[in-house]
Amino acid sequence: MAKSKKRYVCANCGAVTPRWQGQCGDCGEWNTLTEDVPATVFSQKHDLSRGGRALEFIPLNRPAELPVRKSTGLAEFDRALGGGIVPGSAVLMGGDPGIGKSTLLLQTAATIARGGNDVVYVSGEEAAGQVRLRAKRLDVADAPIRLASETSVRDILTTLGEGEPPALLVIDSIQTMHSDTIEGAPGTVSQVRGCALELIRYAKASGTALVLVGHVTKDGSIAGPRVLEHMVDVVMSFEGERSHQYRILRALKNRFGAVDEIGVYSMEGEGLEEVSNPSMLFLSGRDQPLAGSAVFPALEGTRPVLVEIQALIVRLQSGATPRRAVVGWDNGRLAMLLAVLESRCGLNFSSAEVYLNIAGGYRLSDPAADLAVAAALVSALADRPLPDKSAWFGEVSLAGEIRPVAHAGLRLREAAKLGFERGYGPSDAKNETSTLDYRGLGQLANLVDHVMPSE
């Protein structure tokens with residue numbers, strides 16, 4: 001790179017000279033020459049203070065027509081999105097391989113296309129014939145979807161620019177796309193970021209709703225640059241165990257709605273079916289009460305879901321190291337709850353192995369599950385079943401108090417709707433049902449006395 005030459009500019013008249021001198025040769029002033037480094041070609045190209053267009057600033061209270069959500073035709077998908085898909089929005093959907101992302105999007109695209117909307121489905125991982133076979137299996141082969149198998153972003157945008165923009169554009173997946181203006185193989189950080197930027201720019205300018213499918217890493221997060229999640233409007237995760245029947249569509253980020261709503265699906269032979277009452281799915285197979293089993297009314301956004309919590313206590317010989325295994329709940333919270341039961345209630349778990357499982361592969365993060373977990377642990381330790389048709393909820397503090405939780409009435413109404421007769425939780429919870437007997441437990445010790453009454 002050529003070394004930039006120094007120059008001296010007169011502060012009085014602006015004359016330029018290649019070397020310093022005491023007096024300016026043009027205006028005759030003394031000591032007015034100052035050193036100045038001329039702008040290089042690089043700095044001239046990257047000087048963003050000039051050469052652009054003036055922006056139009058809009059006041060917040062200016063009347064304007066807001067974008068109207070469009071229903072996808074699938075109630076569970078609309079619920080997770082916050083009421084439907086917004087034109088011009090960019091949605092990033094991630095999930096484990098084989099979980100059903102392509103199946104869900106193909107069913108959604110077919111429903112939207114049958115509603116009279118133009119839908120484009122671009123598959124970068126599968127050939128067009130493979131997608132058509134899946135569509136035939138899902139009984140959506142008659143849907144008017146424009147299908148293509150392509151990985152070049154330039155070819156995709158050139159083709160879309162020749163006609164009217166579609167209502168929905170599905171890219172499956174963003175890791176397979178590549179741009180000829182960026183060096184690197186498809187899937188690299190620069191390619192994923194650059195291709196996503198061009199596709200999102202097209203969606204914003206044309207009003208097309210864009211859905212990008214993203215791969216996930218081993219820990220379940222979206223693969224690729226983290227900035228990809230900041231570029232899109234909605235980040236959705238399609239969760240579930242492939243060995244289980246259910247799937248959960250969860251919003252991790254949503255600029256147009258809440259992030260705590262979920263959509264529940266069941267994987268059947270003909271594709272994904274919506275589950276309007278997920279509580280029945282997670283409570284199936286409960287014929288009679290068993291020791292170590294408690295039902296917890298979880299809350300996902302505005303939707304209550306009843307799940308079963310199972311605990312197993314195995315006594316060990318003296319000197320053996322006990323094991324704690326948790327599936328579907330936080331391991332650290334289990335350790336804290338065991339410590340509270342030992343310290344505040346006098347129960348001994350130190351010489352026993354503790355196994356905790358959330359039935360159906362469900363994953364809990366609600367702190368209101370503390371009381372249900374404690375009830376299952378105490379029931380397993382005493383080898384006594386909990387009262388039949390009972391639901392448990394409440395947060396347990398380190399002092400052994402059962403603290404209030406949000407939407408207690410909604411949890412109790414869901415339990416009563418499914419035939420539960422008893423409810424246990426915080427003392428200040430309001431029971432708005434007439435068919436359910438609610439009992440407030442102020443302290444965790446009251447739970448122990450209820451499950452393990454003194455002889």
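These legends accompany close-up views of a predicted model.

**View 1. Cys24 and Cys27, two cysteines without a disulfide.**
A disulfide is a covalent bond between the sulfur atoms of two cysteines. The model has zero disulfides. For Cys24, the nearest cysteine sulfur belongs to Cys27, 3.6 Å away. For Cys27, the nearest cysteine sulfur is in turn that of Cys24. Cys24 is buried, with a relative accessible area of 3%. Cys27 is partly exposed, at 29%.

**View 2. Helices H3 and H4 where they cross.**
H3 covers residues 101–114 and H4 covers residues 128–137. Their axes come within 11 Å. The crossing angle is roughly 70°, so the two helices are roughly perpendicular to each other. H3 brings Ser102, Thr103 and Leu106 to the contact. H4 brings Val131, Arg134, Ala135 and Arg137. By type, the residues of this contact are three nonpolar, two polar and two charged.

**View 3. Ser173 in the loop between S7 and H6.**
Strand S7 spans 168–172 and helix H6 spans 189–206. Ser173 sits in the loop between them. The peptide bond that leads from Asp172 into Ser173 is cis, with omega near 5°. Is Ser173 buried or exposed? Its relative accessibility is 0%, so Ser173 counts as buried. The side chain of Ser173 makes a polar contact of 2.8 Å with the side chain of Glu125. Leaving aside residues up to four places away in sequence, Ser173 touches Gly124, Glu125, Val213 and His215.

Phi of Asp139 is near 60°. That value is positive, and the residue is not a glycine. Asp139 is exposed, with a relative accessible area of 60%.

**View 4. His407 in the loop between S19 and H11.**
Strand S19 covers 402–403 and helix H11 covers 408–417. His407 lies in the loop between these two elements. What is the phi of His407? It is positive, at about 60°, although His407 is not a glycine.

Note on methods: Residues numbered from 1 in each chain as written. Predicted model: local features only at pLDDT ≥ 70, side-chain atom pairs only at ≥ 80, totals over all residues. Heavy atoms only, no water. Disulfide = S-S within 2.5 Å. Buried < 20%, exposed > 50% of the residue type's maximum accessible area, 1.4 Å probe, protein only. Axes fitted to C-alpha atoms, helices over the stretch in contact; angles between N-to-C directions. Helix = DSSP H or I, 4+ residues; strand = E, 2+ residues; numbered from the N terminus. Parallel < 35°, antiparallel > 145°, perpendicular 65-115°, else oblique. Contact = heavy atoms within 4.5 Å. Nonpolar A, V, L, I, M, F, W, Y, C, P; charged D, E, K, R; others polar. Polar contact = N/O pair within 3.5 Å; in protein donor to acceptor, adjacent residues only side chain to side chain.
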